[in-house]
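Subject: Model handover

Hi,

Here is the structure I said I would pass on. Have a look at it first, and then my notes follow below.

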Amino acid sequence: AETRVTIIPGDGIGPDIVDATVRVLDALDCGLAYDYAIAGQTALDKGLDLVPQETLDMIGKNPVALKGPITTPVGKGFRSVNVTLRKYFDLFANVRPALSIPGVRSRYDNVDILTVRENIEGIYSGEGQMVSEDGERAELRSVITRKESRRLIRFAYEAARRLGRKKVTVVHKANIMKSTSGLFLDVARSVAKEYDDIEHEEMIVDNCAMQLVMNPHRFDVIVTTNLFGDILSDLCAGLVGGLGLAPGANVGEDKGIFEAVHGSAPDIAGKGVANPTALMLGAAMMLDYLDLNSEAERLRNALRTVVGEGDKVTPDLGGRSSTTEFTDEVIRKLAQ
Ligand code: NAI
Ligand code: MG
């Protein structure tokens, strides 16, 4: 039977990299069918809500969605589309692998770090956002629960075990944020006891940022709260060649929304030069999620070959190819 994928083209470079990724998925010929839906600026421009109900219904119907980056309009009253989707569909874990590709110019070789970021709580959940009437005082609440922390940290340990990884580093700031980060750390300590085959490590977030830059090879799996995970996963992307190579998966109990870590890149939008690799790697994570593992592996291999060879890559990786030329080359590799 066909598997239906909800496709959200997104804003800025979104439509270009989403089209490119759909072309590559078609070339894999693995029985996917697509339902298109819109959100973000694209939806506002059509006079619809930032996240239209039809879009929510469509994502709700299908097991997976592939999402382009979405511009969150700056200003009052707009909650981030991503935060909305993650909460609405209870996509509690954000899985962000950073894996070196041989041949890519970057600070280090052989980096392989999996960040598991808490995706629906904490300072990003948007609880209690308020600015006083005179504009002089702003407020934002952070809520962390034992239940969510446990589910997320278990998810990270389960992933570590399934992937044969050796160590989970819990990143926190429990020394200062004693209540929220302290609770997260406390849960991590008790979950870690259930996994005595995996090394448990604790690290304060500022030290972690420094250690990642100085010695990334000491890391294996990182599990952390929402804001820290957002920042550290961009850092990890920077270690392996930039945001053009970093995919992310938002997963819950029975659904996944797959994307790139990066945003809509307004500075290069419309120029046809965006690197679609991050989203294509996100699509490979989606194929794995659908148990289409051999197709996922074929796609990753083709991407690693074309990106690693380096002569058909986009400008962010030092090349001169357009999004389309790069994609053509990936499809050629898939056909070989
Ligand atoms: P960004 O990730 O869009 O761009 C940061 C830098 O990386 C820019 O120089 C950009 O050109 C470059 N870059 C990003 N993706 C690239 C790609 N595929 N190929 C080549 N270069 C790439 O971050 P920024 O500028 O802070 O945010 C722009 C907008 O995106 C904002 O409205 C923000 O809210 C939104 N955003 C959306 C996300 C999502 O939908 N998942 C995630 C992050 C930001
Ligand atoms: Mg981010």
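Ile222 counts as buried, because it has 27 C-beta neighbours inside 10 Å (the cut-offs, with C-beta atoms placed from the backbone: buried means 20 or more other C-beta atoms within 10 Å of a residue's own, exposed means 12 or fewer, and partly exposed is in between). Before going on, note that this is a predicted model, where local features need pLDDT of at least 70 and side-chain atom pairs count only at pLDDT 80 or more, while totals for chains, interfaces and linings use all residues. Residues are numbered from 1 along each chain as its sequence is written, and chains are lettered from A and ligands numbered from 1 in the order in which they are written.

Back to Ile222, which sits in strand E10 (helices, H or I with at least four residues, and strands, E with at least two, are DSSP runs numbered from the N terminus). Setting aside neighbours within four places in sequence, Ile222 touches Ile113, Thr115, Val116, Thr169, Val171 and Leu232 (contact means C-beta atoms, placed from the backbone, within 7 Å). From Leu99, Ile222 is 123 residues away in sequence and 14 Å away in space, C-alpha to C-alpha.

Now the sheet. It is open, has 10 strands with mixed pairing, and runs in the order E2-E1-E3-E12-E11-E4-E5-E10-E8-E9 (strands pair if DSSP finds at least two bridges between them). Strand E2 (32-36) and E9 are at the edges with a single partner strand each, so one side of each has no neighbour in the sheet. From one strand to the next, the twist averages 25°.

What about strand E11 (residues 247-251)? Five of its five residues are buried, so the rest of the structure largely encloses this strand. Pro247, Ala249 and Val251 are buried on one side, and Gly248 and Asn250 on the other. E11 runs antiparallel to strand E4 (residues 93-99), joined by three bridges, with Ala93 opposite Val251. E11 also pairs with strand E12 (residues 256-260), again antiparallel, over five bridges; here Phe258 is the bridge partner of Ala249 and Ala260 that of Pro247. The two strands E11 and E12 make a hairpin, with four residues between them.

On to the helices. Which residues of helix H7 (residues 205-214) are buried? Val205, Cys208 and Leu212 are. They span an arc of only 45° around the axis, which puts them on the same side of H7 (the arc is that of the directions from the helix axis to the C-beta atoms). Asn207, Met210 and Met214 are exposed on the other side of H7. The buried residues of H7 pack against strand E8 (167-172), strand E9 (199-204) and helix H8 (226-239). H8 itself lies across E4, strand E5 (112-118), E8 and strand E10 (221-224), at about 160° to E5 (axes are lines fitted to C-alpha atoms, for helices over the stretch in contact, and angles run from 0 to 180 degrees between N-to-C directions).

Last, the ligand. Of the 20 residues around ligand 1, Pro69, His262, Gly263, Ala265 and Asn275 come nearest (near means a C-beta atom, placed from the backbone, within 6 Å).

Cheers

Technical notes
Contact = placed C-beta atoms within 7 Å.
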